[in-house]
Number of protein chains: 2
Amino acid sequence: MQEKNKTEIATLGEFGLIKHLTENIELKNPSTRYGIGDDAAVLEYPDRQILVTTDLLMEGVHFDLTYTPLKHLGYKSAMVNLSDIYAMNGTPRQITVSLAISKRFCVEDMEDFYTGLKLACDSHHVDIIGGDTTSSLTGLAISITCIGEADKDKIVYRNGAHETDLICVTGDLGAAYMGLQLLEREKKVFQGQQDINPDFSGKEYLLERQLKPEARRDIIERLHNMDIKPTAMMDISDGLSSELMHICTQSHVGCRIYEERIPLDYQTAVMAEELNMNVITCALNGGEDYELLFTIPITDHEKVAEIENIRIIGHITKPELGTALITRDGQEFELKAQGWNPLQKN
Amino acid sequence: MQEKNKTEIATLGEFGLIKHLTENIELKNPSTRYGIGDDAAVLEYPDRQILVTTDLLMEGVHFDLTYTPLKHLGYKSAMVNLSDIYAMNGTPRQITVSLAISKRFCVEDMEDFYTGLKLACDSHHVDIIGGDTTSSLTGLAISITCIGEADKDKIVYRNGAHETDLICVTGDLGAAYMGLQLLEREKKVFQGQQDINPDFSGKEYLLERQLKPEARRDIIERLHNMDIKPTAMMDISDGLSSELMHICTQSHVGCRIYEERIPLDYQTAVMAEELNMNVITCALNGGEDYELLFTIPITDHEKVAEIENIRIIGHITKPELGTALITRDGQEFELKAQGWNPLQKN
């Protein structure tokens, strides 16, 4: 493998680096009136409501550069924010990107990061409108804020689920978490060795789900075209259990979901088996799926059943019934949000 | 001194901590339709342009917790972002706040941070609408995004300065930098000692400028009331030289500023003397003043001359004349942006 060129960031300086990374950025959205280059960006949304979401990603906590290529990291950093805007039933339009970089990184590393970032933004027609680039004493820190738009009447909050509503999830769950387990396992196996080239064949989907998640614009568009407005919605970043409990708490309702209805990919099941883990636990608590969890009125049942990649996994109940998982053999368990909690005690 | 209570963050967890810190936040602005608690906040600005700015502050690079109380840090973190919105001739309305916290911090630390943050927001009628709270392996990272509004015709960019325009700065310069030098000196003196209680009497202004900067809303309001619209404007965060060069580059003009016109506080001059530094160099390159630098048409000269806390320091020239500082003895030097560059080689 040819060693790539390494240009020290100091040769460009802060302003030089920002200029270098952002000089070819084209603005695509009419709502972006002014992008990078002043004290603030300028936007205009005359007849729409504006959505704002933000994420802070820290090296060693949210990502491990041992096995995460910077291009993928850029892609994923943008995508997880776009996902939050779709989860409000909105359309992402702009992002700001702040990076704190340690001396370990070179200009080409940051180019890779921006390549991934731009790829995600381009495929969702999102403008990069600003940010901050500075230094860090230790790891890489990434902070992205995403701005989107929606019709006032279209925005879907977490608090609108009603009794008898159906609970739907998109895609399949647990694969990103299995991808992470796989990467962590290989990291341990190859620890200290050079020129690592592990064999991931048959497990590509798990890696893709972990390293290159896709925000579900397709589903939002499909629901819109079929005139279905969810009563509550959020994206699944911390795990199905945790998110479902957010919806139930904020909507003052309970829920029943069915183990056999939880969508799983074949590779997820195989990997869980291999690691001696319960695949349902992984699907419930794994996190980083970036699928959508939403509720719809029961009257929309037939319309939703037609849509590919949406699975009805249960229904909303009275709050007294709590949040329940019904297993294949008919037992009832209370859902727990074990969700991914980086502030938890070890 | 009584040791304050220390509650481990793990006892609350991520969601608990966010809830604890944000539960008493009241939304003050009609443009804030929905704040903390969903995938994204919801804003509405029907007839206005929207300004977006963001900053990422890293422990050890942007702040030193040895001498920066967390309450002040919260205050300053918000204020530096508000300053960017005022520098566009806008009004800040909302901020999102993301924090990455290491195990070293307790709940009470974060309360202190939020106390300062809220104080800054309250005094500028700004809503805290969201953010992210997560963990960090090492230091504290703070990312704030500020959203503001402005009339389309009122926004002032960096690129509008014209030949013969007058160059104005607010307040005085170099004091925040002197405050930093003072704190760094005392830190070295007291290194390793417990119960530090250095004597800062007579230097309070320098500390205040470093630890509790104020964004210049007063000036923006005053200019508005007197019907003066600057042709170019930015806030002074990296130092007067650096900012003036941004305005000149983006406006395709040159400038002449006069040493004797640069506003200095008495304490700044005394401290520079004490540290054997050139006070003008500190004022030109110190940074963190968060004063406003702007240009006005020469026809507004008399109006501006009436306003307290604004000093005319020079004028805009043809681009061929470069960016010049005229010293007290009439010598001409080219301005250099030594500005604060954290990515610079040591």
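## Briefing: how chains A and B meet

Strand 3 of chain A pairs with strand 2 (residues 41-44) of chain B, antiparallel, over four bridges. The model is predicted. In it, a rotation of 180° superposes chain A on chain B, with an RMSD of 0.0 Å. The interface brings 59 residues of chain A into contact with 58 residues of chain B.

**The interface**

- Eight elements of chain A each give two or more residues to the side that touches chain B, among them helix 1 (13-22), helix 2 (70-86) and strand 8 (232-236).
- Strands 2 (41-44), 3 (49-58), 4 (91-101), 5 (127-135) and 6 (141-150) of chain A are also on that list.
- Strand 3 of chain A gives the largest share, nine residues.
- By class, this side of chain A has 28 nonpolar, 19 polar and 12 charged residues.

**Symmetry**

- The rotation that superposes chain A on chain B has 0.0 Å of shift along its axis.
- The two copies are therefore related as by a two-fold rotation axis.
- Pro46(A) has the C-alpha nearest the axis in chain A, 2.3 Å from it.
- Of the interface residues of chain A, 98% are also interface residues in chain B, so the copies meet through the same surface.

**The open sheet of chain B**

- Seven strands of chain B form an open sheet with mixed pairing, in the order 8-10-7-11-9-12-13.
- Strand 8 (232-236) and strand 13 (332-334) of chain B are at the edges; each has a single partner strand, so one side of each lacks a neighbour in the sheet.
- From one strand to the next, the twist averages 25°.
- Strand 9 (residues 254-258) and strand 12 (residues 323-326) of chain B run parallel and are joined by four bridges.
- Ile257(B) stands opposite Leu325(B), which belongs to strand 12 of chain B.

**A helix pair in chain B**

- Helix 4 (residues 175-189) and helix 5 (residues 204-211) of chain B pack with their axes 7 Å apart, at an angle of about 100°.
- Angles of 65 to 115 degrees count as roughly perpendicular, and helix 4 and helix 5 of chain B are therefore roughly perpendicular to each other.
- Helix 4 of chain B contributes residues including Met178(B), Leu182(B) and Leu183(B), while helix 5 of chain B contributes residues including Tyr205(B), Leu207(B) and Arg209(B).
- The contact between helix 4 and helix 5 of chain B has 10 nonpolar, two polar and one charged residues.

Technical notes. Residues are numbered from 1 along each chain as its sequence is written. Chains are lettered from A and ligands numbered from 1 in the order in which they are written. This is a predicted model: local features need pLDDT of at least 70, side-chain atom pairs count only at pLDDT 80 or more; totals for chains, interfaces and linings use all residues. Two residues are in contact if their C-beta atoms, placed from the backbone, lie within 7 Å. Ala, Val, Leu, Ile, Met, Phe, Trp, Tyr, Cys and Pro count as nonpolar, Asp, Glu, Lys and Arg as charged, and the others, Gly among them, as polar. Two strands pair if DSSP finds at least two bridges between them. Axes are lines fitted to C-alpha atoms, for helices over the stretch in contact, and angles run from 0 to 180 degrees between N-to-C directions. Angles under 35 degrees count as roughly parallel, over 145 as roughly antiparallel, 65 to 115 as roughly perpendicular and the rest as oblique. Copies are superposed by least squares on the C-alpha atoms of residues with pLDDT of at least 70 in both.
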